[in-house]
Amino acid sequence: MKHFLNTCDWSRPELQAMIDEARAFKASPKGDALKAKTVALLFLNNSLRTRTSFEVGVNHLGGHAVILSPSGGMWPLEFEDGVVMDGEAEEHVKEAAKVLSRYCDMIGIRAFPKFVDWQEDRKDKILNAFGKYADVPVINMETITHPCQEMAMTMALQERLGQLDGKKFVLTWTYHPKPLNTAVANSALMIAAKFGMKPTLLCPTEDYILDERYIGQAAKDAGAHGNALTIEHDIEKAYDGADVVYAKSWGAPPFFGNWEPEKGIRDRFKHFIVDEEKMAMTNNALVSHCLPMRRNVKMTDAVFESANCIAYDEAENRLHVQKAIMKALAG
Ligand code: CP
């Protein structure tokens, strides 16, 4: 039994096989890989795409999805081992994982970091607890990384560019009024490097450089392909010759848990918006975003509505890649 917690746990050929399977699902959506099977989808955070695409995908494969969320009446869970459970939590994650494994054949988890204590968040405790205690495969539906989004993005890029090796991939930080999760940024950089692209991280200051774990993984994978990870604060240098521009906003790691001073920094960099002027510096780059996206804050309408924007294709591909992932895990 194997979980799908992070793409680092899977080789490039294994991931490519799932993307190839996803392309087959795009052409012919139905199958029986989950016939008479049940998939529990646990959402501790909001979602439009992930929830819908997983539920539809399970249905397409002949299975049944059960959506669980705190707002839907689930018992509050305890994730720490060995604690005296005299607080709000009524049930330990161990029981939740073990009992769900008796009813269901697969479990999906969405659990964003709380960004109060990054050293705690980076342990990805909720996902790893399900991975540890569940007796069925577990899928990461976004925690501190977003591997399903990585797969959908890679598939969308391959659909337009074919071979990705050697393409210049720019992950650009963009402004957002709130400090957002770093998951998609971590993921985008890692998968770009893993698939042989030349990754550049464009962010306004050193404060916005992502966690060493993900920077290190991206640098290692880039190196294995003879590429180097570039960290850039100069917009023109980053956009110059780019084949792909991926927009995302995230909170600055040194300020996790203390956002007030970070807001003053973030507000100075609204000009990091992806606009036509910047896109004109690229090699006619494709542009995308994981969505949801604040228009004319992160990306202008003109860029988002342009023929080079593949955000809708990427969103659609969530459905196809997740079916391929579930099929692979169902074995
Ligand atoms: N991209 C993504 O995961 O979208 P949702 O948050 O709507 O699921």
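Okay, let's start with N284, which sits in the loop between α11 (276-279) and β11. Helices here are DSSP runs of H or I with at least four residues, strands are E runs of at least two, and both are numbered from the N terminus. Quick note on the model: it's predicted, so local features need pLDDT of at least 70, side-chain atom pairs count only at pLDDT 80 or more, and totals for chains, interfaces and linings use all residues. Residues are numbered from 1 along each chain as its sequence is written.

Back to N284: phi is near 50°, a positive value in a residue other than glycine. N284 is exposed, with 10 other C-beta atoms within 10 Å. Exposed means 12 or fewer such atoms, buried means 20 or more, and partly exposed is in between, with C-beta atoms placed from the backbone.

Next loop along, between β11 and α12, we have L291. L291 also has a positive phi, near 65°, and is partly exposed, with 14 other C-beta atoms within 10 Å. The peptide bond from L291 to P292 is cis, with omega near 5°.

Now the domains. There's domain 1 (7-145 + 318-330) and domain 2 (149-314), with bounds from an automatic or database domain assignment. Their C-alpha centres lie 25 Å apart.
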